[in-house]
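Work through the following exercises with the structure open beside you, and try each task before you read its solution.

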Amino acid sequence: MTTSEPWWRDAVVYQVYPRSFADESGDGEGDLAGVISRLPYLASLGVDAIWLSPFYPSPQLDAGYDVSDPRAVDPRFGTLEDAQRMINEAHARGLRVIVDLVPNHFSTAHEWFQEALASPPGSPERARFHFREGRGPNGDEPPNNWASLFTGPSWTRVTEADGLPGQWYMNMFDSSQADLNWTNPDVVEDFHTTLRFWLDMGVDGFRVDVAFGLAKDMTYPDVPDPVGLVEGVRLDLDTGSEESQRRRDLVAGSPYMDRDEVQDIYRGWRAILDSYEGDRMAVAEAWLPPARARRYVAGDTLHQIFNFDFLMAPWDAGALARVITSTIDGLAPAPVTWALNNHDTARVATRLGGGDVGVRRARALAMLAHALPGSLYIFQGEELGLQDAEIPNERREDPVFFRSKGEQLGRDGARAPLPWSGDAPPYGFGGQHTWLPQPDGWGGLTVAAQQDDPASTLALYRASILLRRTHPGLAGDAPWRITTDRDDVIVLERGAGFVCVSNCSAGPIPAPDGMVLLSSAPLLADGSIPPDTTAWFQT
Ligand code: GLC
């Protein structure tokens with residue numbers, strides 16, 4: 001009997017951000033019917049799976065990551081029947097489906113939290129969350145000094161039944177997101193039910209939101225450097241510097257991040273996933289270096305973890321080579337994942353400098369990532385070479401912007417609705433007034449505009465995904481080797497004579513002997529590789 005590798009080990013997964021993907025109902029927000037209508041597009045891209053950010057009932061105070069019922073569909077996105085149809089139709093096209101699971105917190109609109117508010121201190125209803133008395137003379141100081149990842153304290157005070165200020169509840173993110181108490185059996189049980197609910201509907205896996213955050217030290221001790229600790233997992237972490245290393249060290253062993261007990265939670269989930277047929281999987285969202293990350297993919301816990309070191313790496317050959325090597329080696333034998341951006345970060349073209357240079361580098365970095373062993377996560381619109389949209393402050397939605405009083409602009413720029421066709425907003429997205437504005441000037445970037453243009457980013461993604469699937473040298477188990485004879489060039493060798501060269505330098509470099517398979521920008525007349533370009537060769 002031959003055992004084949006599970007599908008997720010080298011899958012290409014496309015992240016759908018449902019609110020901004022495609023709008024069939026015409027209300028200016030994307031929906032599940034929109035996802036269904038674009039499944040042919042996703043299949044033609046050549047991806048193996050889609051991951052959908054949350055589409056569950058939610059007040060949308062953190063764009064759906066404030067879930068008020070994890071086993072239902074928000075009417076703005078459709079119905080449970082639509083979700084079932086989406087799963088079935090994706091499967092019919094050979095696409096797997098991963099859904100988001102948000103276990104660190106519930107929306108304060110969730111019925112459990114409403115019950116907790118209506119119940120007295122010390123009640124079983126409150127014990128599902130982290131309710132504590134405040135400090136100071138009237139309890140008007142937060143219970144400890146932990147900081148929210150969205151800035152400010154990670155505690156919010158409630159008004160009790162007598163109308164007076166009372167206990168505080170923990171919120172690692174927005175105050176509309178109350179952290180769950182994972183030592184409470186109700187919580188464990190409820191998430192087992194949620195896992196089974198979606199597995200029974202046929203989903204192939206889960207993306208686990210804030211996977212490093214669920215367990216807390218129940219003695220709630222103060223931390224020495226609350227802001228530094230948050231910076232250690234901050235959404236725009238600057239990897240590599242001494243200061244970022246210091247902050248990362250604060251995370252390891254902290255009382256509310258990356259505690260060993262989270263792995264016990266995942267062992268329970270793994271047993272459930274393994275009890276279903278068909279390689280069901282889970283991928284952890286945890287902003288951690290490889291030495292810590294490997295615990296999440298230890299064999300009896302989750303299956304994959306996002307590679308944020310790679311996601312945040314600059315366009316620099318030395319840095320990229322170090323990150324690639326340290327993450328592959330650091331996670332082995334578990335496979336690595338690669339992503340250039342997601343809904344929490346700047347779009348890759350913006351992050352790498354914006355403008356033509358940013359797009360050029362984004363294309364080159366994508367081709368490097370597509371040539372690596374492991375699995376690949378593509379954020380919607382990345383395949384179109386989109387850059388962050390400029391969002392006027394009065395249209396911003398991200399709680400990070402509001403909590404930081406505008407000091408941090410937040411993540412809305414990456415979340416503008418996709419351009420499908422046409423020369424002006426809404427670019428075929430649907431509706432008239434899209435929930436976030438789209439920029440002028442996206443007419444040349446729509447799917448329709450790029451569809452038949454061989455020089456487009458869309459064509460590049462189609463070609464590289466196809467080669468990734470068909471070239472024997474890029475098979476999941478094909479060897480890999482990186483050489484950096486020059487510190488501004490990466491040469492990646494895979495099997496069967498496949499060579500990938502990324503030129504991060506400011507001048508052209510000679511190409512290896514062999515045939516060009518694909519390149520992120522045209523090679524020069526003498527065959528050399530221009531700056532900010534990746535080319536694949538058959539040698
Ligand atoms: C994760 C999500 C992010 C969300 C946060 C709180 O980091 O990706 O969008 O704001 O968790 O749920």
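A residue is called buried when its relative accessible area is under 20% and exposed when that value is over 50%. Please keep in mind that this is a predicted model.

**Exercise 1.** Determine which residues of helix α4 are buried and where they lie around the helix.

*Solution.* Begin with the helix itself, which spans residues 111-118 and in which Trp 112, Phe 113 and Ala 116 are buried. Seen down the axis of α4, these buried residues fall within an arc of 95°, so they line one face of the helix. An α-helix has 3.6 residues a turn, so residues three or four places apart point the same way. Next, turn to the face of α4 that looks away from the buried side, where the exposed residues Glu 111 and Ala 118 are found. Finally, look for what covers the buried residues of α4, which includes β4 (105-107), β5 (131-132), β7 (165-170), β8 (177-179) and α5 (185-201).

**Exercise 2.** Describe how strand β1 is enclosed and which strands pair with β1.

*Solution.* First, 5 of the 5 residues of β1 (residues 12-16) are buried, so this strand is largely enclosed by the rest of the structure. Second, consider the directions of the side chains: Val 12, Tyr 14 and Val 16 point one way from β1, while Val 13 and Gln 15 point the other way. In a regular strand the side chains alternate between the two faces of the sheet. Third, β1 pairs in the parallel sense over 4 bridges with β13 (residues 375-379), and likewise in the parallel sense over 4 bridges with β2 (residues 49-52). Val 13 stands opposite Tyr 377 in β13 and opposite Ala 49 in β2.

Notes. Residues are numbered from 1 along each chain as its sequence is written. This is a predicted model: local features need pLDDT of at least 70, side-chain atom pairs count only at pLDDT 80 or more; totals for chains, interfaces and linings use all residues. Side-chain values use heavy atoms; hydrogens and water are left out. Buried means under 20% relative accessible area, exposed over 50%, partly exposed in between (1.4 Å probe, protein chains only). Helices (H or I, at least four residues) and strands (E, at least two) are DSSP runs, numbered from the N terminus. The arc is that of the directions from the helix axis to the C-beta atoms. Contact means heavy atoms within 4.5 Å. Two strands pair if DSSP finds at least two bridges between them.
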